[in-house]
Every structure is written in C-alpha cells, then in structure tokens.
Amino acid sequence: MNARTSRRALATTAAAAAAVLALSACSAGSSSGGSDTPSDAIVIGLTGEPVNLDFTTTSGAAIPQVVMNNVYEGLVTIDQEGELQPQLAESWEVSEDGTVYDFALHDEVTFSDGEDFTAADAVFSIERVQSDAWLNGTKSKMDVVASAEAVSDTELRVTLSRPSNAWLFDMGTYVGAMFSETGVDDLATTPIGTGPYTVESFVSGDRITLAGRDDYWGEEPDITDVTLRYFADAVASTNALRSGDIDMVYNMQAPDLMGQFESDDAFQVIEGTSNGEILLSMNNRVAPFDDVRVRQAVMYAIDRQAVIDAAWAGYGTEIGAMVPPTDPYYEDLTDMYPYDPEKARELLAEAGAEDLSITFDVPTRPYATAVSEIVVSQLAEVGIDASIQSSEFPAVWLDKVFTQADYQMSVILAVEARDVLATFNNPDYYIGYDNSKIADQVIAADSGTPEEYVSGMQEVVRTISEDAASDVLFLFPNLVVADADLDGIAANAVTESLILSGLTWSD
C-alpha cells in the first residue's frame with residue numbers, strides 16, 4: 001500500500017465518524033478514482049456541467065472550463081498571475097503605431113486529428129469568430145481586427161483597425177482558441193484542438209473523460225487519464241472525496257464544509273483567487289429597473305459583507321464594481337454605494353416605487369440559492385418584495401434570462417476575464433444597459449497609451465457604477481480541496497479554464 005492509498009484509507013475511516021456527513025444519506029456512487037487511482041489518472045469533482053462542448057454557439061463557463069488549454073490552445077495564454085505568456089506563438093512583435101502584430105508560430109504542431117497547425121488555421125480561427133458561425137457574444141472582442149494574413153506556415157500577421165490595449169489579452173481567453181478548418185463539423189461532441197488532451201467520452205449528467213495525446217507537440221502531461229465528474233449536490237461531492245471516489249473538488253460550492261478538511265493531513269485546502277463576480281443582474285430595459293433610482297435603491301439596500309458572511313461563510317471579497325484587483329484598471333469603489341437602507345427608501349419614494357414587487361429569477365446553483373435568500377431578506381427591509389423563481393441551470397436560465405432577457409432581477413457568477421465591457425458595452429446583452437455614455441470612452445481608452453487605457457477604463461467603470469447598471473455583490477473565491485499528494489493545482493481561476501496539464505502525483 002503506497003502513502004496515498006494509506007492516507008485515503010485513514011480518510012475513509014474518519015469520514016464514517018464525521019457528523020456533518022452523517023446528516024446526508026446521499027451516495028456519490030463509485031468510479032475508478034480514489035485509493036485505486038493510478039499515477040497517470042485523476043478524478044475531479046465539479047458542479048454545473050456543460051450543455052455541450054461548443055462554446056462558439058453556446059454560452060456558459062462550464063464549456064471552456066473543460067476544453068480551453070486542455071483540448072484547445074491559443075496563440076497566447078494567461079498565467080496564474082494574470083500575465084500573458086506565449087502558447088502556440090513563440091513570440092510576437094507589434095508595430096510602432098500598435099496596429100500590426102507579427103506572430104512567430106511554433107513549428108511541428110498538430111491537431112488531434114493529425115492535421116498540421118499553421119498560420120492559415122490561425123487566420124481561419126480569427127475570421128470564424130467574426131463570421132455568422134460564431135454565435136457567442138464574445139465575438140465582439142474580435143471586432144477590432146481588420147485582417148489576418150498567413151505570411152508563411154509559421155508567420156501570422158494580424159492588422160487591427162486601431163490600436164487596442166485589450167485585444168491581445170482577449171486572445172488568451174476562449175475567443176482566441178485555434179481551430180482546424182477540417183475539425184469544426186461537430187464541436188458540440190468532438191472538439192479538435194492542438195492541446196494535450198482529447199475528449200474520450202461525454203456522458204450527460206455524469207462525467208466527461210479526457211485522454212492525453214501521445215503526439216502532443218509540447219510537454220506531455222504526467223496525468224493522461226482525466227475524469228471530470230459532475231455533482232448536483234455539494235455534500236455529495238464532499239462525500240465522494242472523503243470516500244476516495246474522487247481526488248479533488250474544484251471550485252467547491254459548499255464553503256461551510258471546508259473546515260472539516262483543514263485539520264486532516266490526508267487533504268489539502270486551497271483558497272485561490274478568481275475573476276468571477278457574483279452579479280446581481282437588473283434588467284435595465286424593463287420596469288422597475290429602467291429607472292436608475294430603483295437600481296440605486298437596490299444598491300443601497302444590500303449589505304454585501306453580510307451576504308458574504310451568511311451565504312458563503314465569509315469567503316469572498318467586496319470590490320465595488322465588475323473589475324477584480326488583478327485587472328490593471330481596478331479601482332476600489334466599495335464606498336460608492338454603502339449599506340444605507342434609509343437612502344434606499346428615499347430613492348424608492350422619489351421614483352414612486354414604494355411597496356414594490358419583483359420577480360427574482362435564480363439559477364439552480366448553490367451560490368445563487370444561498371445569495372438569493374439573503375438578498376430577498378435585505379430588499380424586504382426597504383419595501384421591495386422579491387419573489388424567487390427557480391430557473392434550472394444551465395438550460396432554462398441561459399434560454400430565459402441570458403438569451404431572451406425575459407426577467408427583472410437575477411444573480412449569476414460571471415467568470416469571464418475582463419468582462420466588464422462584454423457585460424455593459426452592449427445594449428443587446430441581457431443586462432440591457434444603455435452604453436451610449438461609455439461607448440466613445442471605451443474606444444478612446446482602448447486606443448490610447450497604457451496609462452490612458454487605465455485612466456480611461458476607470459472613468460468608464462465609474463460611469464457604469466454611478467448608473468447602478470447592476471450590483472457586484474462580491475468577488476468569488478476559488479476554493480479547492482484535494483488529496484494531499486496531488487501537486488500542480490492551479491489555485492487561481494484567472495480565466496474559465498481548469499488547466500489539467502500541470503497536475504501530478506507526488507508519489
């Protein structure tokens with residue numbers, strides 16, 4: 001029996017006596033994971049499975065969580081510090097006026113279907129984002145591209161219509177994924193990329209399995225057999241970890257259960273950072289939230305620290321706007337709307353919206369359920385009766401709230417990196433914010449010097465906040481509990497991607 005097996009046996013014994021788990025009668029089932037996991041395999045517990053694997057046509061962070069940096073790669077990637085690093089591009093040069101990018105691409109890179117990756121594929125991928133084939137709202141991030149040209153198989157030239165401080169960073173997210181022209185026929189079930197893994201199987205409602213590629217162009221990962229298991233219940237995933245059915249719970253959705261692992265040497269507990277904001281969405285296009293005074297009243301009515309403490313066991317950080325501290329234009333705006341119920345009542349009276357009743361569409365996610373109960377209680381104190389309507393996530397919520405914008409108020413974890421403009425600089429987005437005030441400011445900031453970019457974006461964010469477009473309740477933590485022998489865990493969720501290639505067993 002190796003050390004990991006021994007510790008797992010002890011953990012299982014401890015689990016039987018754990019009172020908190022004794023309260024639950026649910027079973028997580030069994031898998032090939034736990035104490036029987038070979039050194040080249042891992043089973044990871046997640047929540048919120050993807051509807052399919054095609055993020056070009058389907059929204060939702062669960063898709064890029066699985067496939068980005070694992071199946072697909074980009075020209076560049078974003079490291080744990082939020083900095084750009086080369087990926088399929090070895091290097092790049094930018095023209096003096098900031099509009100022409102010349103990329104030198106790695107040679108001898110292949111897609112999982114055996115086709116070579118060349119600059120022509122990069123051109124195809126960029127142009128595909130701009131085409132009608134790409135339906136995801138992130139396509140606007142490629143609007144600034146005027147042309148893409150394959151100078152040779154390993155030389156790519158991208159010309160922008162104007163300088164952009166944001167474009168290259170955006171290429172490190174899933175909008176910059178590189179596709180093969182011959183490999184886009186069935187992205188929903190058979191994604192084909194240059195990454196270290198391929199999708200072996202996708203069992204809806206249960207699991208996704210990935211297999212390491214023998215012909216991967218880069219460094220082959222130590223763990224080549226990956227199973228991602230999806231749990232609807234956070235306690236079930238915790239039970240599965242305790243019993244050895246899984247090896248890690250990533251982005252844990254039950255922070256109140258973290259304590260039981262902190263003093264157990266069989267496990268490691270990680271509290272990382274994220275780009276994810278818990279967003280209390282208000283539909284700016286429909287009553288009563290088409291009135292800025294009502295939106296501002298909601299902002300004053302919410303005690304955000306109380307929400308963090310009650311809903312997420314104190315894990316999380318107030319940030320005041322949809323910009324995390326890792327972004328270059330972060331500014332602490334937490335004092336703009338302090339908790340002030342009396343001010344909220346005054347604004348509601350001024351708007352003629354006293355004794356207000358609204359519908360609160362809440363997705364079936366643990367954080368959303370927990371947050372909504374506190375928010376409803378706080379809104380009731382200022383005279384807003386918020387009636388919770390549960391929306392199954394992802395299918396129902398994505399269709400009703402996100403796609404059709406058929407809602408008044410909702411709450412969602414927005415995890416895309418630097419997503420403030422994707423959320424508020426598009427009046428057709430589900431928030432429905434009138435971006436006429438900021439549209440020109442955004443272009444001026446993005447086209448300016450790095451210093452002008454920072455100051456200009458801070459001005460943009462202040463405008464959005466003053467308009468109370470929606471309320472950022474808190475910055476979501478990235479909580480991980482894993483077997484103590486698992487190394488290489490990417491603690492910080494800097495993009496949606498769960499990077500698997502760095503994982504390894506220490507014994």
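Modeller: A cavity, on a 1 Å grid over the protein atoms alone, is a set of points where a 1.4 Å probe fits but cannot get out, while a pocket is an open set with protein on both sides within 12 Å along at least five of seven lines, and lining residues have an atom within 4 Å of a point. This is a predicted model, in which local features need pLDDT of at least 70 and side-chain atom pairs count only at pLDDT 80 or more, whereas totals for chains, interfaces and linings use all residues. Residues are numbered from 1 along each chain as its sequence is written, and side-chain values use heavy atoms, with hydrogens and water left out.

Biologist: Which residues lie nearest the centre of the largest cavity?

Modeller: The structure holds seven cavities of 30 Å³ or more, a volume being the space filled by probe spheres set on the grid points, which are joined across faces, edges and corners. The largest cavity has a volume of about 820 Å³. Its lining is made up of 49 residues, and those nearest the centre are Gly60, Ala61, Leu413, Val415 and Glu416.

Biologist: Which helix gives the most to the lining of the largest pocket?

Modeller: The largest pocket has a volume of about 540 Å³, and of its 24 lining residues the closest to the centre are Ser140, Lys141, Leu421, Asn425 and Val442. Helices here (H or I, at least four residues) and strands (E, at least two) are DSSP runs, numbered from the N terminus. Helices H5 (167-170), H13 (420-424), H14 (439-447) and H15 (450-466) each supply at least two lining residues. With four residues, the one that gives the most is H14.

Biologist: Is Ser274 buried or exposed?

Modeller: Ser274 sits in the loop between strand E12 (267-272) and strand E13 (277-282), and its side chain reaches the backbone oxygen of Phe476 at 2.5 Å. On the scale used, buried means under 20% relative accessible area, exposed over 50%, and partly exposed in between (1.4 Å probe, protein chains only). Ser274 has a relative accessibility of 10%, so it counts as buried.

Biologist: Which residue has a side chain joined to that of Asn275 by a polar contact?

Modeller: Asn275 lies in the loop between E12 and E13 and is buried, with a relative accessible area of 6%. A polar contact is a pair of N or O atoms within 3.5 Å; within protein, one must be able to donate a hydrogen and the other to accept it, and residues adjacent in sequence count only if both atoms are side-chain atoms. At 3.4 Å, the side chain joined to that of Asn275 belongs to Thr326.
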